[in-house]
Amino acid sequence: MPFRSGFVSIVGRPNAGKSTLLNALLGQKLAIVTHKPQTTRTRIQGVVEVPLKKKTATDPGHPAAQVVLVDTPGIHKPDTQLDKRMMQEVHDALEARDAVLFIVDVTHQLPKENPTGKATGRMALSKAEDDFALQLIQRLKQVEGGCPVILLLNKIDTISTAEIMPLIAHWSSLYPFAEVIPISARKKINLDLLLEKVVNILPEGQRYFPKHQLTDQPERFLVAELIREKILLLTGEEVPYATAVVIEKYEEPMVYTNDKGEPKKRPAGAKTPLTKIAAAIFCERAGQKAILIGKQGTMLKEIGTAARKDIESMLGTRVFLELFVKVKDDWRSKANFIEDLDWRRELEHIAAKQAAEEKE
Ligand SMILES: Nc1nc2c(ncn2[C@@H]2O[C@H](COP(=O)(O)OP(=O)(O)OP(=O)(O)O)[C@@H](O)[C@H]2O)c(=O)[nH]1
């Protein structure tokens, strides 16, 4: 069976479980996850290698494949420039893909219709948000050659089996999904089935990334995300949404080399390598800065300690982490600042700086 490969975008409303699904399929934490909506701000690519499944008398099996999963920000009506940027990330992810996973949260029950045929109250709001998300998917029908969309009913660990059937019927009436699969990203239910369906949809083709590459995202971006995750978890109200993290210094540890300059094992007795990182936490107002720093710096210390532990286990080195809080008035409305936050732009800046230094 020839090898298959392709890009598969995961889209859905905020908090539907997109990042949890990405991490579960990868078997490793790549995207940060919190209970707060709009945690993910940029497209995150994770590379999954699916081994060949041999045909048996009862199972048709499937070829080996490389699935490039693309996690995206939650679909929502844009308010600020930052929201617009986030939605652009969703549109981009829908442009270049071989299949789409449209994920819905089953704890947002069906919009209950009243006799006038209209949903009311919170349900009406929820329905409006679903409609908005579906509109984006509807556009895929016009794509030449079509684009298969798999509907994932997520969080089935929270409802009874009897409640799943009406949800399947409801969603299937709204769009011709290629498949409908009830899953639990958190409890890893039906994820093998999902991968199997995805592999069967993908075109034949070679790997896009080397076999053991987990993502195209540089480590410094993942570090910034881990810091942002701790801010989301430890602060409340508006602060998490008004916060951005920028890595200002990233010094990787010295690599031990042999006579030929090739990397060699750390000599016995040498200390565990140390990565030195300095990061700026941007917020929009002085009051938010005060919250982020906390009484006598306690909050910043708590954020730093929690982030450092996660970064150390991700990098496998000791980490010296310095955090600074800076105010950038109303940054969520400043298109240029938001563009600069993008890690792809950040990489361009670093490359340009290095080129200039080499010239000197
Ligand atoms: N019970 C249950 N909770 C889940 C499941 N999947 C995700 N969650 C929880 O739902 C919340 C949101 O999960 P995320 O993975 O951050 O959701 P997201 O769609 O990436 O969210 P945004 O980045 O805001 O768009 C977290 O608290 C998850 O632990 C699931 O299968 N079952």
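Colleague: What makes strand S1 (residues 4–12) and S3 count as paired?

Modeller: Seven bridges join S1 to S3. Two strands pair if DSSP finds at least two bridges between them, so S1 and S3 qualify. The two strands run parallel. Strands here are DSSP runs of E with at least two residues, helices are runs of H or I with at least four, and both are numbered from the N terminus.

Colleague: What kind of model is this, and how is it numbered?

Modeller: This is a predicted model, in which local features need pLDDT of at least 70, side-chain atom pairs count only at pLDDT 80 or more, and totals for chains, interfaces and linings use all residues. Residues are numbered from 1 along each chain as its sequence is written.

Colleague: How does strand S2 (residues 44–50) run against S3, parallel or antiparallel?

Modeller: Antiparallel, with seven bridges joining S2 to S3. Ile44 stands opposite Asp71 in S3.

Colleague: Why is strand S3 (residues 65–71) called largely enclosed?

Modeller: Seven of its seven residues are buried, so the rest of the structure largely encloses S3. A residue is buried if 20 or more other C-beta atoms, placed from the backbone, lie within 10 Å of its own, exposed if 12 or fewer, and partly exposed in between. Both faces of S3 are covered. Ala65, Val67, Leu69 and Asp71 are buried on one side, and Gln66, Val68 and Val70 on the other.

Colleague: Is Ile75 buried or exposed, and how do you know?

Modeller: Ile75 has 23 C-beta neighbours inside 10 Å, so it counts as buried. Ile75 lies in the loop between S3 and helix H2 (81–95). Its C-alpha is 7.3 Å from that of Val11, 64 residues away along the chain. Leaving aside residues up to four places away in sequence, Ile75 touches Val11, Gly12, Arg13, Val90, Phe132, Ala133 and Leu136. Touching means that the C-beta atoms lie within 7 Å.

Colleague: Why is Trp171 called partly exposed?

Modeller: Trp171 has 18 C-beta neighbours inside 10 Å, so it falls in the middle class. Trp171 is found in helix H4 (residues 161–172). Beyond four places in sequence, Trp171 touches Val104, Leu151 and Val180.

Colleague: What makes the phi of Asn15 worth a mention?

Modeller: Phi of Asn15 is near 75 degrees, a positive value in a residue other than glycine. Asn15 sits in the loop between S1 and H1. With 20 other C-beta atoms within 10 Å, Asn15 is buried.

Colleague: Is Gln296 buried or exposed?

Modeller: Exposed, because 8 other C-beta atoms lie within 10 Å. Gln296 has a positive phi of about 50 degrees although it is not a glycine. Gln296 lies in the loop between helix H7 (286–293) and helix H8 (298–315).

Colleague: Why does helix H10 (residues 343–359) count as lying largely in the open?

Modeller: Of its 17 residues, the number buried is zero, so H10 lies largely in the open.

Colleague: Which residues come nearest to the ligand?

Modeller: Gly17, Ser19, Thr40, Gly74 and Arg186, out of the 25 residues around the ligand. A residue is near if its C-beta atom lies within 6 Å of the molecule. Helix H1 (residues 18–26) gives the largest share of the shell, three residues.

Colleague: How many residues of domain 1 are in contact with domain 2?

Modeller: 10 residues of domain 1 are in contact with 14 residues of domain 2. The C-alpha centres of the two domains lie 30 Å apart.

Technical notes. Domain bounds come from an automatic or database domain assignment. Two residues are in contact if their C-beta atoms, placed from the backbone, lie within 7 Å.
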